[in-house]
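Hi everyone, thanks for coming.

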Amino acid sequence: MQFGKVEYPEQIDFTLPEDHPDTSKVLNKARTSDLSVYVGCAKWNRQDLKGFYPRGTKDELEYYSRQFNSIELNATFYRIFGKDQFKKWYDKTPEGFRFFPKLVQNISHFKRLNDDVQPYVDEYLSSALHLKEKLGTIFLQMHGNFAPKNFDRVIKFIEKWPKEIKLAVEFRHTDWFNNEVIAKELYNLLEENNVTNSITDTAGRRDLLHMRLTNDEAFIRYVGANHETDYSRLDDWIKRLKTWKDLGINHIHFFVHQNVEKESPLLSKYFITKLNEQLNTELSLPNHSTDNLELF
C-alpha cells in the first residue's frame, strides 16, 4: 500500500494518540468474556509476497490460509466477483479462516454512495455471502476527496446497509476528523448503526488515527514503512490493544500492509508473537518460511 508513504519515515512522530474519550464508554458497554482476534496481510499474491511461499507451492491461497487466520481481501475492490469465485475461496481455506473483503470501487469511488448505488451493493453481497461463516467484516473505503459535504449520502448508505452483515468504514478526507462537529455526528451515526470506525495507521497521514471506536470491534489497517520503526510501532499497538482488552473489546481485526508488501508476513508474525505474549491469545504462528525473509 502506497497510501501515506513518506520518503524519510525516521522524521515522523509515530506516537499513537490518546484514545478518544468516548472509546472507553463504548467498550465498557460491549464487554463480554470472549475475545476474538484475526491478524493477516492484505493479499496472498506470490509476486507481492515474494519469498513467503516455499518453492513448489501450487495454490497460494491454500498455503496462506494455513499460515494466517485471515486476509484483508483487496481484490474485491477492483471488480465484483461471481458467487462461484467466492465458493472456491471458501472451499480452499480451513475451518476458522476469515475473509474481510473491501467493497467494490463502483460503490465507493465511481458512484460515491449516490442514490443509484444499490444495484452494485446487492450484486456484491449476493456473491460475497457465499463465504458463509468465513465472511468477516466487509469494509468500505472512501476516496480521499470524498468530503463531509456528502454526509447525506453516508447517512442513507449506512441506514440502508443490512444490519446482519458487519460493516467497517474508512474515510480519508481529513475534515471527517478535524471538524469536531462533523466528527461527532459521524461517530454517533456509526455507533447507532453498529458500524465499525476503521483506523488507518500510515506514516504520512497521522490525522487518520482518530482512536474513536464505535462498537466492540477494532478494525486496524497498519501500513509499515519498510523501516526499522515498523517494529516499535507494532509494539505500541500491542500496548493499546491490551488497554482495549482490559476495557472490554470483543473483536480485534488487524491487517498488516507495507509500501513493499513482501515483508508483510514477517511483520505479521512478529505482531502475532507479541499478541500471544501480552494478550494471552493463542494464535498460530506462520511456519518457518517467514524466517527466510529479511525486513531491512
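Let's start with strands β1, residues 36–41, and β9, residues 251–258: they pair in the parallel sense over six bridges. By pairing I mean that DSSP finds at least two bridges between two strands. Strands here are DSSP runs of E, at least two residues, and helices are runs of H or I, at least four residues, both numbered from the N terminus. For C41, the bridge partner in β9 is V256.

Quick word on where this comes from: it's a predicted model, where local features need pLDDT of at least 70, side-chain atom pairs count only at pLDDT 80 or more, and totals for chains, interfaces and linings use all residues. Residues are numbered from 1 along each chain as its sequence is written, and side-chain values use heavy atoms, with hydrogens and water left out.

Now zoom out. Which order do the strands take in the open sheet? There are six, running β3-β2-β1-β9-β8-β7, with parallel pairing. The edge strands, β3 (98–101) and β7 (199–201), each pair on one side only.

On to the core. The largest nonpolar core has 79 residues, and F157, W237, L241, W244 and F254 have the most contacts inside it. Such a core is a set of buried Ala, Val, Leu, Ile, Met, Phe, Trp, Tyr and Cys residues joined through side-chain atoms within 4.5 Å, where buried means under 20% relative accessible area with a 1.4 Å probe, protein chains only. Helix α8, residues 180–192, gives the most to this core, with six residues. Apart from it lies another core of six residues, including Y38 and F100.

Conventions: Buried < 20%, exposed > 50% of the residue type's maximum accessible area, 1.4 Å probe, protein only.
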